[in-house]
Amino acid sequence: KAKAKEPRPASSFKVCVCGGAGGIGQPLSLLMAMDPSVGELCIFDLNVAMVPPAGVAADLGHLERKCSVKGYVMEVGKNPIDHLEECLTGCHLVLVPAGVPRKPGMSRDDLFKTNAGIAKGIV
C-alpha cells in the first residue's frame, strides 16, 4: 500500500531551470516563478544565451508573487559540473530545456544527439 506523502507548505520548493534564459526556458521559468509551491528559483544558462540569466532573474524578481530568483551563468566550453553546485544544491526539481534549435539541413537524429549531449553534460 502506498504511503501518503506529507504535504509541503507553500513556497517550500527549490527549482532550477537549466537553459532558463532561452526561448523555451524563459516562459518555463516564468511559470515556475508564478507557482505558489516554488519559493526559490534558480536560472542557469550559458553566457551566449539570448538574455543573460541574471537579466531573466531580475525580470522575474518584479513579479507580484514573491519568489526568490537568482541567475547563474557559465562560459561556453566550461564543465557544467563545476558551476552547478550552488545552483542545484537542495533542489526538489531540475528542469532541463537547454539545447539548440535545429539548423537547416540538420536531421532530427543529429539534433537529438547534440541536445542529448547538452543534457548529459548537465546531469
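Predicted model: local features only at pLDDT ≥ 70, side-chain atom pairs only at ≥ 80, totals over all residues.

Biologist: Where does asparagine 115 lie, and which residues does it touch beyond four places in sequence?

Modeller: Asparagine 115 belongs to helix α5, residues 108-122. Beyond its sequence neighbours, asparagine 115 touches Gly99 and Val100.

Biologist: Why is serine 29 called buried?

Modeller: Its relative accessibility is 0%. Buried means under 20%, so serine 29 qualifies. Serine 29 is found in helix α1. Its contacts beyond four places in sequence are Val17, Gly20, Leu41, Ile43 and Leu60.

Biologist: Why is serine 12 called partly exposed?

Modeller: Serine 12 has a relative accessible area of 23%. Serine 12 sits in the segment before β1. Setting aside neighbours within four places, serine 12 is in contact with Ser37, Gly39 and His92. Serine 12 and histidine 92 are 80 residues apart along the chain, with their C-alpha atoms separated by 9.3 Å.

Biologist: How do you know that the buried residues of α1 are on the same side?

Modeller: The buried residues of α1 (residues 25-34) are Gly25, Ser29, Met32 and Ala33. They cover an arc of only 100° around the axis, and that puts them on the same side of α1.

Biologist: What do the buried residues of α1 pack against?

Modeller: They pack against β1 (13-18), β2 (38-46), α2 (53-60) and β4 (93-95).

Biologist: What makes the buried residues of α2 line one face?

Modeller: In α2 the buried residues are Pro53, Val56, Ala57 and Leu60. Down the axis of α2, these buried residues fall within an arc of 100°, so they line one face of the helix. The face turned away from that buried side carries the exposed residues Ala54 and Asp59. Cover for the buried residues of α2 includes α1, β2 and β3.

Biologist: Why are β3 and β4 placed at the edges?

Modeller: The 4 strands form an open sheet in the order β3-β2-β1-β4, with parallel pairing. β3 (68-74) and β4 each have a single partner strand, so one side of each is left without a neighbour in the sheet. Neighbouring strands of the sheet are turned by 15° against each other on average, direction ignored.

Biologist: How do you know that β1 pairs with β2 and with β4?

Modeller: Two strands pair if there are at least two bridges between them. β1 and β2 have 6 bridges, in the parallel sense. β1 and β4 have 3, also parallel. Both counts reach the cut-off, so both pairs stand. In the second, valine 17 stands opposite leucine 95 in β4.

Biologist: What makes β1 mostly covered?

Modeller: In β1, 5 of its 6 residues are buried. Across the chain, buried residues make up 31% of the 123 residues.

Biologist: How many residues has the largest nonpolar core, and which elements supply it?

Modeller: The largest nonpolar core has 15 residues. Val15, Val17, Met32, Leu41, Ile43, Leu60 and Val69 have the most contacts inside it. β1, α1, β2 and α2 each supply at least two residues of this core. Apart from it lies another core, of 9 residues, among them Cys18, Cys42, Cys87 and Ile122.

Biologist: What does leucine 41 contact beyond four places in sequence?

Modeller: Leucine 41 is in contact with residues including Val15, Val17, Ser29, Met32, Leu60 and Val69.

Biologist: Which pattern does the chain follow along the sequence?

Modeller: The pattern is β-α-β-α-β-α-α-β-α. The secondary structure comes to 5 helices and 4 strands.

Technical notes:
Residues numbered from 1 in each chain as written. Heavy atoms only, no water. Contact = heavy atoms within 4.5 Å. Buried < 20%, exposed > 50% of the residue type's maximum accessible area, 1.4 Å probe, protein only. Arc of directions from axis to C-beta. Axes fitted to C-alpha atoms, helices over the stretch in contact; angles between N-to-C directions. Core = buried A, V, L, I, M, F, W, Y, C linked by side-chain atoms within 4.5 Å.
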